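My entries follow in the order I made them.

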Amino acid sequence: QVQLVESGGGLVQAGGSLRLSCAASGLSFTFYTMGWFRQAPEKEREFVAGITSSGGSTYYATSVKGRFTISRDNAKNTVYLQMNSLKPEDTAVYYCAARPSISVVPTTDDYDFWGQGTQVTVSS
């Protein structure tokens, strides 16, 4: 059974940092593209960052580029999202997602597995 479990969310002041982790199990992690999405209240879920199965390529939403870094450790079946210079508009539930592909896509429909989400709240 596939499971994605996010952790690392919390409350932080604007300008601060958080590192999110997503631990995967029940899948061949090395064959999956991993993505981070977020959803703020009353808003659509949006793509934040993605990383190819090998970790060779990364992609970011323009709103987070330069502030967030996605990485993965295939030996640990874990993907990370380092979030720096956080802004109040980054407040959302952050979701980890997996896609059986070597390429990254920003659409939610193309990801097969999802975590339960972790709350990130940035205060001003």
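**Entry 1: strands**

I began with strand 7: Phe68, Ile70 and Arg72 make up its covered face, and Thr69, Ser71 and Asp73 the uncovered one. The model is predicted, so I note its limits: local features need pLDDT of at least 70, side-chain atom pairs count only at pLDDT 80 or more, and totals for chains, interfaces and linings use all residues. Residues are numbered from 1 along each chain as its sequence is written, and side-chain values use heavy atoms, with hydrogens and water left out.

Next I looked up the partner of strand 7. Strand 7 and strand 8 run antiparallel and are joined by six bridges. I call two strands paired if DSSP finds at least two bridges between them. Thr69 has Gln82 in strand 8 as its bridge partner. The two strands form a hairpin with four residues between them.

Then I went to strand 1, residues 3-7. Buried here means under 20% relative accessible area, exposed means over 50%, and partly exposed lies in between (1.4 Å probe, protein chains only). In a regular strand the side chains alternate between the two faces of the sheet. Strand 1 runs antiparallel to strand 3 (residues 18-25), with five bridges between them. I noted Cys22 in strand 3 as the bridge partner of Glu6.

**Entry 2: the disulfide**

Which residue is joined to Cys22 by a disulfide? I found Cys96, with an S to S distance of 2.1 Å. The criterion is a pair of cysteine sulfur atoms within 2.5 Å. A search of the whole structure gives one disulfide. Cys22 lies in strand 3 and Cys96 in strand 9, so the pair ties together parts 74 residues apart in sequence. The S-S torsion is about -75 degrees, so the disulfide is left-handed. Cys22 is buried at 0% relative accessible area. Cys96 is also buried, at 0%.

**Entry 3: cores**

I looked for nonpolar cores, meaning sets of buried Ala, Val, Leu, Ile, Met, Phe, Trp, Tyr and Cys residues joined through side-chain atoms within 4.5 Å. The largest has 29 residues, and Met34, Trp36, Val79, Leu81, Met83 and Tyr94 have the most contacts inside it. Strands that each supply at least two of its residues include strand 4 (33-39), strand 5 (46-51) and strand 11 (118-123). Another core, of six residues, lies apart from it; Phe37, Ala97, Val105 and Tyr111 are among them.

I then listed the contacts of Met83, leaving aside neighbours within four places in sequence: Gly16, Ser17, Leu18, Leu20, Arg67, Phe68, Tyr94 and Val120. Contact means heavy atoms within 4.5 Å.

I did likewise for Phe47, which is in strand 5. Phe47 is buried, at 13%. Outside four places in sequence, its contacts include Trp36, Phe37, Tyr59, Val105 and Tyr111.

**Entry 4: salt bridges**

How many salt bridges are there? I count three, taking a side-chain nitrogen of Lys or Arg within 4 Å of a carboxyl oxygen of Asp or Glu. Arg38 pairs with Glu46 at 2.8 Å, N to O. Arg38 is buried at 6%, whereas Glu46 is partly exposed at 35%. Asp90 and Arg38 meet at 2.9 Å, N to O. This pair spans 52 residues, from Arg38 in strand 4 to Asp90 in the loop between strand 8 and strand 9. Arg67 also bridges to Asp90, the closest N and O atoms being 2.7 Å apart. Arg67 and Asp90 are both buried. I logged Arg38, Glu46, Arg67 and Asp90 as a linked network of salt bridges.

**Entry 5: positive phi**

Most residues other than glycine have a negative phi. I noted Glu42, with phi near 70 degrees. Glu42 sits in the loop between strand 4 and strand 5 and is exposed, at 83%. Asn77 has a positive phi of about 55 degrees. Its place is the loop between strand 7 and strand 8, and Asn77 is partly exposed at 26%.
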